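Biologist: Please take a close look at one part of this model, and then relate that part to the chain as a whole.

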Amino acid sequence: MLDILIRNGRIIDGSGTPAFMGDIGIQDGRLQQVGGHITAEARREIDARGQVVAPGFIDPHTHFDAQLMWDAEARPALEHGVTTVVHGNCSLSLAPLKSEHRPRLVGMFQQIEEMPDAAFNGAFEWQWESFGDFVKALRGQIALNVAPLAGHSPLRLWVMGEDAAQRAATADEIAQMQDLLRECLEAGAVGLSTSYVDVDENLAPVPSRFAHFDELDALSAVLGEYGRMLQVVPEFFSTDITLARVDQLAELSLRHGIPTTFSPLFDSALSPGNVTRIMDRVAEQFARGARVWPQVQTRPIDISFSLEQASLFFMAQPMWYMIQRLPRAELLEKLQDPATRKALIDAAEPGGMTLAFAHLLIRDSRDASLIGRTLGDLAKERGTTPATLLIDLSVEEDLNIHFLSASMGHEDPARVGPLLANDLVHVGASDAGAHIQSFATYGDTGYLFSTFVRDGGHLSLEQAVRKITGDTAQIWGLRDRGLLRTGMAADVTIFDPENIARGEELPVNDMPENGMRYVRSASGVDTVIVNGELAWSAEGGYTASRAGVIASA
Amino acid sequence: MTLSRQRSFLAPEPGDDWDTIAQRCLPEDESGSAVAKLKSWNLHLFARNPPGSFTGSDVIFTEGPLEAEQSLLPLPADPQGG
Amino acid sequence: MIADATVGPGHDGEAVLVVRVRHENGAHDSVTLSAPAARKLMDDCDAKDLEDLAGQPWQRLLSVLET
């Protein structure tokens, strides 16, 4: 008797080979048969007619570390079809961590993830110091698989205390960090993460940034003993610096035989040669035998703002920019002054041209019916202009209304599509679970299919599936996952290829103590199975399954 | 496999500051001018907190950019010729 | 000298100012400024809009960032 039988599916196995029709049998958490017609009985049958049956998606860049302690499903990642997440990125992990260093690390996490303090203090009980005990705390408690990285910053804190954020490590301290990293890898860490850009809550560099190259070299030597990953965050938007980082990673990769990845790599009209130059260098380094995987996100980058804080968005509208810099009370007064209003509106909409602000979306407002509407549409409805409405709504809501200018960077499918399709590009960098009060970091997989498979045709369905399953598992050395092959772990996502997409970005208050974050729901995903258990379905929502495991390399 | 030439950089050593790097990388230059050159090549280290300081993991360029980063914006006329 | 400056999206959803600097050899480099740094630069250069930044010496950018 099978546990689950998926019938009549269009099987895309994650290897990139063409889809084929058939059934899939699942037993004891494993794929018992893939393809053909299965006659055996099963406790649960799923009719996948018209749908794709694929390996569960793997998200290699998340910050679900704390969230998973109170939200076993890492919502809404699971309902987007994600069955494995890598967390502990950007030098930050919740272990190894001595209890006296918790406030220090929480400050860093809060700066990066924008999570309320309650998310760390009260929402769960810290039951660990060592990486092994951290992994124990996760086992049996999670609905999706976790491939955890050990963070360089807590590693330094453990060995060096407060000096970790002040100076280079001594030879003895580096040796201690090596031993500690070995312990983490033995306990299930899939690699080490470090960061060249992140700051703590006081805007001071995180400890990993104080490490000299010899320290990273020594830690990479330990990674080499296990063949595990080094993940880094390079400086954004600087081609030459990223090229330097590619060379450093290549050196470490070759010297120690390890895979490395840097995230993110963005395309931007501000620097059109950026991606070409970096990918050329990556190709040169791969040709030498180095493994330096650039992670590229699928979604475009948006700019959000309110009139309360001066935003560079208004740089192209100097009068708006200048008035935004006034003290709050004075700004509100000016926005209601007829002469100033007229001047602002005339400046933004010369000769009645209303294009400047028409595209702006309302991100959050005390009037929920406005959220997601464009100023252009609303202005037409109300018989006014977008600039007038921007002022009126800001005044009505005491400046507490936020606007969004969508797709301001990494936004051109004609450029991003071929990049995502490049064999040397690792599709990832979602940052899921981070920046939660700035934008939604969920649904990048749906966006991959809707924008780059269906709309743009830059990738075939099989290629797109491979990019977020088989390739990811191979890059990270997750030998048991990423493919639909007999005997492998039964992580399966069933989706409608004609409808899979990400939903609109919406504010919700589902963080501990009613904390706010932005999320996107999924559409087109039908069923998500983790290690042979139904974890989510469009029909029944989340289940009580806690079949997630530590997906070690 | 020969790698194409890239802009040269170094990783700072413990105890390094602008002066020590300038002495190491630009020994022929007078100290003040060498540091000024280095700073002009490393403006990224000033566009953050605290400005102008660097940590052990930073990239320090030891020469100017080799290739123009192209922009969609037209280049402005350069009245000084460089 | 400063060649030009353009507003773009930062990694965290904030708008940033990308300032392009032309070096002596004619090559360009860019530096990304946060909103406060960009504001300081605009003020220091007495710039009314972004075009006014073009042609300013790079030392001005450095002195703004250093203070």
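Modeller: A:A429 is buried, with a relative accessible area of 5% (buried means under 20%, exposed over 50% and partly exposed in between, with a 1.4 Å probe and protein chains only). This is a predicted model, in which local features need pLDDT of at least 70, side-chain atom pairs count only at pLDDT 80 or more, and totals for chains, interfaces and linings use all residues. Residues are numbered from 1 along each chain as its sequence is written, chains are lettered from A and ligands numbered from 1 in the order in which they are written, and side-chain values use heavy atoms, without hydrogens and water.

A:A429 belongs to the loop between β16 (426-427) and α16 (444-455) of chain A; helices (H or I, at least four residues) and strands (E, at least two) are DSSP runs, numbered from the N terminus. Its phi is near 60 degrees, a positive value in a residue other than glycine. Most residues other than glycine have a negative phi. A:S407 also has a positive phi, near 55 degrees. However, A:S407 is part of strand β15 (residues 402-409), and its relative accessibility of 33% makes it partly exposed.

The wider setting is as follows. Of the 553 residues of chain A, 65% count as buried. Among contacts (heavy atoms within 4.5 Å) between residues at least 6 apart in sequence, 74% join residues at least 24 apart. The C-alpha atoms of chain A fill a box of roughly 75 × 60 × 50 Å along the principal axes.
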